[in-house]
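Hi,

Here is the structure I promised to pass on. Have a look, and then read on for what turned up in it.

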Amino acid sequence: MQRQLLLTAGYRKYKTILRIRITQIEIMKKVLLGWLLFASVGALAQNKTRVSQTTNRIIPFDTGWRFLKDSLANAGQATFDDSHWEKIDLPHDWSINDLPTQSEGHIVGPFDKRSPGFTQTGFTIGGTGWYRKKFRTVKAEQNKQVIIYFDGVYMNSDVWLNGHHLGNHPYGYTPFFYDLTPYLNPANKENILAVRVRNEGKNSRWYSGSGIYRHVWLTVTDPIAIAPWGIDVTTHEISGGKATVNVKSSIDNKLSTPRNITLVTTILSPEGRPVGKVQSNLKLNAGTSDLVDQSIVLTSPALWSVQTPSLYKVVTEIRDGGKVLDKVETPFGVRSLSFSAEKGFLLNGKRVLLKGGCIHHDDGLLGSASIDRAEERKIQLLKSNGFNAIRLSHNPPSTQLLDACDRLGMLVIDEAFDMWEKPKTPNDYHQFFKDWWQRDLQAMIFRDRNHPSVMIWSIGNEIQERVDTSGLRIAKQLKDEVHKLDPTRPVTEALCEYWEPGNKDKPWSMTAPAFALLDICGYNYLWQLYEKDHQQFPTRIIVGTETLPQEALENWKMAEKNPYVLGDFVWTAMDYMGEAGIGNASYDTKKRNRFAGWPWYDSWCGDIDLIGQKKPQSYYRDVVWRNRPIAMAVHEPIPEGMVENISRWGWPLEQQSWTWPGAEGKTLQVRVFSHAPIVRLKLNGKVVGEQTIADTSIMAVFNVPYQPGNLKAVNVENGKETAEFELKTAGTAKSIRLKADRTGVKASRNDLSYVTVEIVDQHNQVVPNAEVPVQFSVEGEGELAAVGNANPRDVASFHKNERKTFNGRCLAILRPNGKPGVIKLKATAKGLAAAQITITSR
C-alpha cells in the first residue's frame, strides 16, 4: 500500500485520541517537566471593555545565583553558608571555564589531557556543581501558584527549596518544572533554592557542557490558570485562500470550589492585528483540569515557509468577569506538510529539497551556555551559507534555538535520543531510559509542538539494538507515543551500517523491520543504497540523516533525481567541541587511518568553523547547491616524501588562498568547482589551463607553479567567459581590523556582539597565514564573554584577554552587563596598528 503522509489535517486514525480530553489531560498531569511559551501582561488594547492583568506571569530567574564546583553533601539545606561561592548569571557552563590548576602541555584553560571523556568530550571536565539562589515573593503573590522552569540542566540534577527535595531529573537535554507553592515561605521572607548537577563519568560522545546551561524562570499564576504546555495550535484545511486554526487549551482549577470562567482566544497577524477571535463559557469543577477545543478560520493567511517565515500569535485569556486571571501568547505558523515517495516533501504544496546539516548544541567559544543571541546567530550563519534545514543531533535543543528557526525560516528534525537501553558510553542516558523515556519524549513534544519550523520528530540515532527484538519493541513504543502526542508530524530514526561488535556480520536486509515502523527512513552515510532499496521498497521515504562532506554532490544528485529522497544532512554543518579531530587531515609517510588525539579538541568536520567562518567544503557545497556559480581551492604545499591522510569526515588541506610564501616555483594543486562545461584558469592575467568538466562531476584539477599575484578561475559557457572566482596574494601584516556582526545590541545579558578580528595588509586584505597574539581590553557597559580562534588544536583559555589568530582571524564576543551605554573593545598586537570598535547597548 502506498505510504503517504498528508499532515495538514493529521493522521485520521489518531484524530479520535485528541478528542478524548481525559487522556490528554492525564498525560500532562503525570509529567513533572515543563515549559511555557512567552507570556505578556497589561491591558488588551483591542477590547472595548478594559480588563486588568493580576500579575506578571513570567519572572526571569537567570541572575543572582551563586555557584561552587564541589561534591558537597549538604548544600541543599536552607541554612548552608554559600557566601564565599562565585556569583554567576545563567545560562552557565562550568566546563568551558579555566581549570583551577594549570600545567603546560597537560592542563590548559578548560582542557585536561587526562579528561575522563578524552577526545569524545574534547578533553574537558565535568564533575559535580552546586547552584544556590535567594529570592522573596511579594504580598501580591500570596495565594498564587508558583512554578520554576528549567529549559535544560546537564545532567542528573536535584532541586531543593528551603531544604525540601523537589525532585531529580536525569536527562541533560529536556525541560522540566517543579511546583514551588507548597514550600514557599510567606511573602517578604527569604527562600533558598538549591540545585545540584552531576556530570559524572563517561556519559557523552561529544562536548555536553555542565550545569544550568539554559534559561530558568518562574511562572506566577492564579489557582485557575493555563496548564504547563497547555496550548496546542495546529493548522488544518489550508485551501481556497483559507486556513482553519485549531487551538486546544488545557485549564487547571486548583481551587476547592467550582468556578465559571470565559476562555477568550484571539489570533494576531504577523503585523500584530487581530484577525480572529472565539470565546467559550465554561464551568470548571473544583480541583480538575479541562481541555477546551476551539477553531478559528483565517482568510488569505500568510503562510510560513523557508523564504517567508510569517508568524502569527495565539493570545489565550482566562477571564472572570472583567478580570483576566491568566494570559499566554503562543507564536505559530500557518503551513502544511506532506511527505510521499511519489512527490517528496511538500511545504505548502511545493516541493522543497532539504539542504540540511547536523548540529550539536554547543555555541563554540561559549561552550553550551544557550545565550539567546548565540542561538540566533548559529541559525543566521547556516541560512546565509545555504542551509534550509537542520537535524538537532542527538537531543532536543534550547527553546531559543527553535524560536530562531521559526523567525528565520529553518526547517528542523527534532531528535530525542542517542541511545536507548544499550549504552554508547558507560554512564550515559541508557541507565535512565526505561524509567524516563516517556516523560522525556513528552517534554520534548509538548514544549516544541507549536514551532512551525519543526517538521519531523526523530526517536533515535544509530541505536545499537535497532534491529533486535528489543529495539523493534522500543521503536514501536516511541513511534506510537509520538503519534499519540502529535499526529501532525512524521517520525524518523537514523540507521547506519552495522559497526558494533557482534553486529558487523549482519546483512543490511535485517533493517527492513525497523524501517517498516517509521514514517520516514533515516540513512546515515549510505546514499549508495537508496536506489537499490527503492526497487525493493518503492513506498519508502528516505532522507540522508548523516552524510559526508566529500560526498555532497552524490547525495544532492540523489535528491534531485529521486522524489523519494528528501535531501540530506551533512555531518556536520558547523564545527563543534568534542569528537576531537574526526574531520582531521594530516601527513605521513604512508596511507593510514587514524583519529587525532591531544591537543585536538574540536571535531573539524563542519562546513562552518568554530568562530563562524566558511571552510573549504562550504565553498564546494555552494556550487553543489548552485548557490555560487564557481569556486576554487588551493592545496597547501605537501612536504616532500609525505602523503595526505584524510579522515572519513575530513577535507583536504586546502584553502581559498593564493598566499604561500616560501613555495615560489613549487607546483600547487588547484581545484575548481563549477557546473559550467569548461573552466579556465588564469595566473596574473595569463591562461595557465583550461579543462572540460564531465557531466558526472563539478570539479577540474590543475597543477600550477606558484608565483605571487592573482589567480582567477573562470566559467566558459557557449564560448564566453561568465562567472569568475579570484584569489589574490596578500602582503605582510600591517594592522588589525575589527568587524562586529552588530554595532547595536540590547542592554540585556541575553544579547551579544560578535567581533571578528582580522590581520590585514596595506591593502586591507586578510593575511591568511598570519598567526599573531592579539591582546584585548574592554571598557563600558559590557564584558569580554569569550575569545578564541578556529584552530582545532589550539587548546587555550577562552576567558583571558589574549588569543592568537588562526588563518588570519580570531573572535571576541562582547556581552552587555544589562545597562544602556557603550562598550569599547580595543585590540593590539606587537608591530601592528591597533584597532578599536564601539558597540552601543540600548
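Two housekeeping points. This is a predicted model, so local features need pLDDT of at least 70 and side-chain atom pairs count only at pLDDT 80 or more, while totals for chains, interfaces and linings use all residues. Residues are numbered from 1 along each chain as its sequence is written, and side-chain values use heavy atoms, with hydrogens and water left out.

**Overall picture**

The protein chain has 10 helices and 51 strands; these are DSSP runs numbered from the N terminus, with helices (H or I) of at least four residues and strands (E) of at least two. Its radius of gyration is 28 Å, which agrees with the value near 28 Å for a compact globule of 842 residues. That radius is taken over C-alpha atoms, and the globule rule is 2.2 Å times the number of residues to the power 0.38. Along the principal axes, the C-alpha atoms fill a box of roughly 90 × 65 × 60 Å.

Contact here means heavy atoms within 4.5 Å. Of the contacts in the protein chain with a separation of 6 or more, 72% are between residues 24 or more positions apart.

For the charges, Lys and Arg count as positive and Asp and Glu as negative, leaving out His and the chain ends; each is placed at NZ of Lys, CZ of Arg, CG of Asp or CD of Glu. The mean positions of the 103 positive and 90 negative charges are 4 Å apart.

**The core**

A nonpolar core is a set of buried Ala, Val, Leu, Ile, Met, Phe, Trp, Tyr and Cys residues joined through side-chain atoms within 4.5 Å. The largest one has 133 residues, and those touching the most other members are Phe345, Ile390, Leu411, Phe417, Met455, Trp658 and Val670. Helix H5 (residues 430–448) gives this core its largest share, 9 residues. Leaving aside neighbours within four places in sequence, Phe345 has contacts that include Leu411, Met455 and Leu566.

Helix H4 (residues 399–408) has 8 of its 10 residues buried, so it is largely enclosed by the rest of the structure. What do the buried residues of H4 pack against? The list is strand E25 (354–359), helix H3 (372–384), strand E26 (389–392), strand E27 (411–415), H5 and strand E28 (454–461). After H4 comes glycine 409, with a positive phi near 85°.

Helix H10 (residues 616–624) has 9 of 9 residues buried, so it too is largely enclosed by the rest of the structure. Its cover includes helix H9 (552–561), E32, strand E34 (630–635) and strand E42 (720–728). Arginine 626 follows H10, and its phi is positive, near 60°.

Most residues other than glycine have a negative phi, and most peptide bonds are trans.

- Leucine 90 and proline 91 are joined by a cis peptide bond, omega about -5°; proline 91 is in the loop between strand E5 (86–88) and strand E6 (107–108).
- Tryptophan 571 and threonine 572 are also joined by a cis peptide bond, omega about -5°; threonine 572 lies in the loop between strand E32 (565–570) and strand E33 (585–588).
- Phenylalanine 118 has a positive phi near 50° and counts as partly exposed at 43% relative accessibility.
- Asparagine 807 has a positive phi of about 55°. It sits in the loop between strand E48 (802–804) and strand E49 (809–816).

**Two loop glycines**

Glycine 349, in the loop between strand E23 (344–347) and strand E24 (350–351), is exposed, with a relative accessible area of 55%. Glycine 818, between E49 and strand E50 (821–828), is partly exposed at 34%. Leaving aside neighbours within four places in sequence, glycine 818 is in contact with Ala747, Ser748 and Arg749.

Cheers

Methods: Buried means under 20% relative accessible area, exposed over 50%, partly exposed in between (1.4 Å probe, protein chains only).
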